[in-house]
Amino acid sequence: MAPLTPDFDEEIDRFGTHSSKWDMMQPLYGVPAEDGLAMWVADMDFRPPACVQAAVQRMADHGLYGYYGDDTGYRDAIRWWMQERHGWAVERDWIFSTHGLVNGTALCVDAFTRPGDAVVLMTPVYHAFARVIRASGREVHECRLALKDNRYTMDFEAWDAQMTGAETMLVLCSPHNPGGRVWTREELQGVADFAKRHDLILVSDEIHHDLVMPGQKHTAMALVDDSIADRLVMMSATTKTFNLAGTHIGNVIIADPNLRARFAARMAGLGLSPNSFGLFMAEAAYSPEGAAWVDALVAYLDGNRRLFDDGVNAIPGLASMPLQATYLSWVDFSGTGMERAEFTHRVEQGARIAVNHGPTFGSGGEDFLRFNIATPRARVAEAVKRLQEAFGDLQ
Ligand SMILES: Cc1ncc(COP(=O)(O)O)c(C=O)c1O
């Protein structure tokens, strides 16, 4: 059972638990299980808050796992969280529960575009977007983020000139994975205007919205511009915030009745309804106790971020992007002058760290590796030490 005061320093052995991050590190990356560090797929090495563990315990104690009924409390927990943490008023019937947000994205593609349409992504961006778009027989239209002073910015003028007319949807990642940007209200207004100019459905994936570093402020896209309500789909989840990714549950929130009807029809057509474990855990998480846990988590992640950045940026040729949100550090290796195969080999075989490869995030990711720092601080310190050794000849 998770203690009431979270101990994020506790090193929990995840091997042999069907953990994608740890058990697949060796088969996928060749990083040895004996002393490898898993810093790739985006889940955390921390237990969720005690209120979530207690909800699962109550289910197990009761011992019956039948069909779930009456989700009013669950919907109200989502409404409470969005109002309390994001200042956003949501109605009960705006909420759909999908099997996570990759599924939510795929459903949006399915419901709101046609085969052969193009979907705009601002790259580099979370790799599963392109995967589901292409797998659904749609094209990916890449609008490349501009890199200025080691941070990403949006370049609407360039993007306007690249549009072909085949684009019908834009999937925005806000805050941004992998660049860790919290987009400003002005930037988000730019996205809204861009969507209007090119008549795009705007899907705003805000799964990282709670993991925002001290001093930063995330703005929900729904609060930016009322005039895009008829083209806006909001997505969020408990899964990143509370480390519940295996429950595969996500919130797709749609205010517009017409879009809502189209989305509901697609969900009904596919026979989708959520898993009761996800509903129980999400309702428990969206609570005052869950909120206090998130505050403690973010403070801890901020400490990890400082440690990681200080250590990595001390290596000549490496530059981590300033992390305004998420626990995913995006490190630029271009300053080493090495080929991608060389710096990747040094990280995976030299430092024995499994990381996400930049090119999977689309164009602009070629010189980067992504490190997941949501792990006990001692492991972050160990990773930094190993990286300094693996690139020791550059010191
Ligand atoms: C932006 C973004 N969306 C969605 C997901 C995954 O969502 P899910 O596990 O709910 O399918 C991730 C996971 O890292 C992500 O970064």
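An open sheet of 4 strands runs in the order S11-S12-S15-S14, with antiparallel pairing. Strands pair here if DSSP finds at least two bridges between them. Helices (H or I, at least four residues) and strands (E, at least two) are DSSP runs, numbered from the N terminus. The edge strands are S11 (319–320) and S14 (356–357), each pairing on one side only. The model is a predicted one, in which local features need pLDDT of at least 70 and side-chain atom pairs count only at pLDDT 80 or more, while totals for chains, interfaces and linings use all residues. Residues are numbered from 1 along each chain as its sequence is written, and side-chain values use heavy atoms, with hydrogens and water left out.

Strands of a sheet pair through backbone hydrogen bonds, either parallel or antiparallel. S11 and S12 (residues 328–332) pair in the antiparallel sense over 2 bridges. Ala319 has Asp332 of S12 as its bridge partner. S12 also pairs with S15 (residues 368–372), in the antiparallel sense and over 5 bridges. There, Trp330 is bridged to Arg370 of S15.

S12 is mostly covered, with 5 of its 5 residues buried. Buried means under 20% relative accessible area, exposed over 50%, and partly exposed in between (1.4 Å probe, protein chains only). In a regular strand the side chains alternate between the two faces of the sheet. Both faces of S12 are covered: Leu328, Trp330 and Asp332 are buried on one side, Ser329 and Val331 on the other.

Helix H13 (residues 340–350) has the buried residues Phe343, Thr344, Arg346, Val347 and Glu348. These pack against helix H2 (25–29), strand S13 (353–354), S14, S15 and helix H14 (377–390). Just after H13, Arg352 takes a positive phi of about 60 degrees.

Thr105 belongs to helix H5 (residues 101–112). Thr105 counts as buried because its relative accessibility is 1%. Residues up to four places away in sequence aside, Thr105 touches Phe129, Val132, Val171 and Met235. A contact means heavy atoms within 4.5 Å.

Backbone geometry was also examined. Most residues other than glycine have a negative phi, and most peptide bonds are trans. The peptide bond from Ser174 to Pro175 is cis, with omega near -5 degrees. A cis peptide bond also joins Asn177 and Pro178, with omega about 20 degrees. Pro175 lies in the loop between strand S7 (167–173) and helix H8 (185–197). Pro178 is placed in the loop between S7 and H8 as well.

His18 has a positive phi, near 60 degrees. His18 sits in the segment before helix H1 (20–23). At 79% relative accessibility, His18 is exposed. Asn150 has a positive phi of about 65 degrees although it is not a glycine. Asn150 occupies the loop between strand S5 (146–148) and strand S6 (151–153). With a relative accessible area of 27%, Asn150 is partly exposed.

A compact globule of 395 residues would have a radius of gyration near 21 Å, and the chain agrees, at 21 Å. The radius is taken over C-alpha atoms, and the globule rule is 2.2 Å times the number of residues to the power 0.38. The C-alpha atoms fill a box of roughly 60 × 60 × 40 Å, taken along the principal axes. Of the 395 residues, 56% count as buried. Among contacts with a separation of 6 or more, 74% come from residues 24 or more positions apart.
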